[in-house]
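Hi,

Here is the model I said I'd pass on. Have a look, and my notes follow below.

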Amino acid sequence: MSFTVNSISYKYSSDSNLVLKNVSFNIKEGQVTAIVGPSGSGKSTLVSILSGVIPTLIDSGEYEGSFDVEEKVNISVVSQSPENQLFGYGVEDAISFGIENMGISNEEIIESVEYVLDLLNIQHLRKRSVATLSGGQRQAVCIASVLAMRPDILIMDEPVSSLDPNGKEMIQYVLNQLRESGQSTVIVDNNLAWCSDIVDHVIGLIDGEVVFDDDKNKFFDDFKIQEKLGVTIPQEVEIYRELSNRIKGLNKFYTIDDAKREIGKLIGKENGCLPIDSILLKSEEILVAEGISKTFLDGFRALIDVDAEFEKGKVISILGQNGSGKTTFVKHLNGLLSPTKGTIRYKGIETTGKSVAQISKDIILVFQHPEHMLFEETVYQELTFCARAQGIEFNEEEALDILRYYDLLEYKEELPVNLSMGQKHLLTILSVFLSSAEVVILDEPTLGMDLHLKNKLEDIIKRFTSQGKTMIIISHEIPLVFKISDHILILNEGVKLAQDSKQRLANSDDIFESINIALPPVVILSKYFGFSHVCSDTNSFVQEVIDRLV
Amino acid sequence: MGDFLQYVEMDSFLHKLDPRTKFSFFIVMSVLTSFCKSGVALLFLFVVFTAIWIISHIGKYMIELLKKVKVLLLFIFLLWLILGAFMVNDGPTIYRTTYTLLGNGYTLSLDWFDLYKGAVFAMRVFLMISVFYTVILSTNFSQIILGLRSWRVPYAVAFGIGLVFQIIPIIIQEFSTIIEAQSSRGLEVDKCSAISKIKNYIIISMPLLFRVLGKGHSISLAMHYYKLDFKTKRTSYKMIKASYLDAIFVSVTVISTVFTVVLQLKYYIPL
């Protein structure tokens with residue numbers, strides 16, 4: 001049995017452009033289908049149609065075609081922000097909310113609640129309040145609340161976009177359980193790196209048209225379509241893609257173990273210890289945190305005696321699971337929080353006593369959710385906001401150049417909130433260009449970005465550092481962290497575990513194991529093959545393999 | 001205290017009560033404090049409330065409430081004091097003077113009774129607020145909905161009330177995050193004149209509006225995903241039932257009400 005999407009075309013109003021153009025595909029029963037595509041490709045509109053939001057709630061558009069399912073077929077959605085979806089104070093209240101609406105007996109409700117608690121292995125959460133759950137746990141409860149209604153199709157919209165590695169692991173487990181139970185699931189996400197093992201079938205959308213509809217392996221074989229769709233793929237697949245472009249007859253590999261075997265056939269495995277990189281030249285320390293401790297009013301110790309140094313013109317990433325103190329720490333750097341103990345020095349001078357706005361002239365923090373920042377009437381005004389707020393003179397041509405370079409010029413008169421999530425995020429980061437800040441802190445900058453936007457983000461970071469600015473980045477995207485960073489600071493439960501160059505830290509497996517964060521495949525493979533230095537991105541790894549072949 | 005004016009998860013006597021018992025307490029005490037104008041009766045009610053707060057270990061939250069509303073209470077006290085000063089009362093006087101304005105003679109008389117009157121009105125307002133807070137602090141929004149439904153309140157109304165209590169803390173948190181985000185980009189909200197501060201807070205209201213609209217949209221989508229239809233008869237996972245604790249609490253409420261009424265009748269001084 002399958003559910004058929006039959007030639008669907010849609011536009012939101014009669015005078016707007018088509019968002020979906022003659023879209024047809026099948027969702028196979030018991031399989032996990034991934035719908036991928038760049039920002040603005042029509043994924044969200046498709047979810048609205050599949051879930052019945054269009055035309056039940058939104059009936060002003062023009063809709064053609066059909067989604068061929070029987071009337072009794074139940075389709076439910078797990079949104080990317082469970083806090084907006086869960087109704088109920090406690091976990092049991094939230095899980096039972098949907099089934100209570102179905103008017104079934106109390107006994108049946110109890111049975112369904114028990115079923116999903118067991119299926120997802122979250123019995124231990126049942127007496128907790130939703131507000132106290134971690135991101136991953138909240139997402140799992142959200143999935144449970146929807147599953148309790150026994151949907152025929154479960155749609156998950158970017159379910160791990162704001163989760164830490166522990167949260168992602170939990171959702172991976174949940175998805176595997178669903179797959180084993182025969183649940184038909186649709187994942188709408190442009191990042192397949194976290195779910196490549198689980199997905200069976202991939203549907204690619206660009207500009208509202210289906211450009212790919214086949215099984216996962218065929219998708220991973222089709223390099224052109226991966227790039228065109230801007231999908232983040234597992235780094236192992238990326239390595240295979242780049243290597244196979246340069247080495248003829250390379251056998252396929254999509255996992256670390258397969259990569260070890262196949263690359264090993266080419267270059268063999270060298271034994272011996274990995275030499276530690278020569279000491280990197282130290283730059284001027286622009287920002288220093290000395291013995292920062294923070295205890296909140298309720299007694300919670302968020303930071304315990306954290307020392308950290310940030311060098312001029314370097315990229316420093318902060319790693320740790322949710323609750324490790326990353327955001328609390330950076331809020332001390334820009335003065336949003338005052339330490340219970342310790343000091344922050346910028347260019348040797350304490351920042352104590354200055355307002356956050358005053359500190360922002362030197363140290364600027366860009367928040368995780370762009371909606372917390374956007375309020376101007378046009379994209380151009382938003383871009384120049386920081387400069388105007390700080391009283392910094394700027395050149396209009398320079399501002400327009402920035403918009404042009406990052407493909408936002410056509411939107412310069414648009415209302416910023418109408419941009420896609422990734423573009424909004426990009427805009428808030430770009431607004432820092434015209435400020436005077438020497439230190440720029442980005443909290444989860446890749447949120448909502450497809451691969452194309454992530455590439456632009458990398459370019460922005462390079463431009464900042466080339467101007468001598470120091471970048472401090474909080475991110476859960478570990479391959480990206482290793483690719484762009486010079487140094488890494490690791491926090492765990494408010495304590496600093498390490499701060500060092502990424503090459504040195506790449507050899508500290510014990511630290512990464514203790515915080516349950518996996519090293520990127522290129523690092524693992526570099527160490528496995530005994531490379532003279534740890535590669536931190538796919539290109540340098542592939543080059544190293546090629547050099548060895550020569 | 002980040003959890004001000006919100007439900008606080010505890011295992012107290014009040015938390016264990018049936019929400020209907022607490023709603024009844026709220027209604028009875030609200031009516032009582034609205035009609036009761038005797039200082040002695042109000043003082044008695046205050047003692048009863050204090051005992052309930054202490055037994056339930058929520059005294060620190062009430063002190064926090066008192067700190068937050070102290071300006072309002074002081075304003076009410078001073079207002080009645082000033083209004084009272086233009087009336088001459090019987091009884092001991094603190095300060096009295098006469099003056100002439102536009103050929104007319106007036107007396108300004110600050111009496112001990114004016115102080116009493118100010119204190120009575122401030123006390124009434126505090127008791128009204130605190131009885132509401134006592135219920136909110138010990139009843140989560142799911143229990144509120146459950147309690148209201150068992151009183152045959154239409155589900156749409158009960159759900160709406162519960163939703164308000166679910167969303168208010170989220171909006172407060174959003175507002176605080178937006179202030180942080182904007183000040184981090186250079187918007188001065190601390191060290192600036194009052195006019196600039198007002199202007200900058202208006203700027204902050206824009207993203208807040210977008211966020212609230214966005215939340216509203218997400219909630220309506222979620223209601224659709226969960227097939228919420230107010231026309232369909234809804235069943236329930238949890239049941240509520242009263243226990244001996246409710247019986248004790250209802251008894252205390254009834255006895256306190258009777259005592260307060262007696263004290264009101266016996267010691268009421270017309271204000």
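Below is what I found, starting with how to read the model.

This is a predicted model, where local features need pLDDT of at least 70, side-chain atom pairs count only at pLDDT 80 or more, and totals for chains, interfaces and linings use all residues. Residues are numbered from 1 along each chain as its sequence is written, with chains lettered from A and ligands numbered from 1 in the order in which they are written.

On the interface: 42 residues of chain B are in contact with 51 residues of chain A (contact means C-beta atoms, placed from the backbone, within 7 Å). On chain B's side, α6 (141-150), α7 (155-184) and α8 (194-225) each supply at least two residues, and α8(B) gives the largest share, 14 residues. That side of chain B divides into 16 nonpolar, 14 polar and twelve charged residues. Here Ala, Val, Leu, Ile, Met, Phe, Trp, Tyr, Cys and Pro count as nonpolar, Asp, Glu, Lys and Arg as charged, and the others, Gly among them, as polar.

Helices (H or I, at least four residues) and strands (E, at least two) are DSSP runs, numbered from the N terminus.

Then there's a sheet in chain A: six strands, open, mixed pairing, in the order β5-β6-β7-β3-β8-β9. Strands pair if DSSP finds at least two bridges between them. β5 (75-78) and β9 (209-215) of chain A are at the edges with a single partner strand each, so one side of each has no neighbour in the sheet. β5(A) runs parallel to β6(A) (residues 153-157) over four bridges, and Val77(A) has Ile155(A) as its bridge partner there.

Cheers

Conventions: Two residues are in contact if their C-beta atoms, placed from the backbone, lie within 7 Å.
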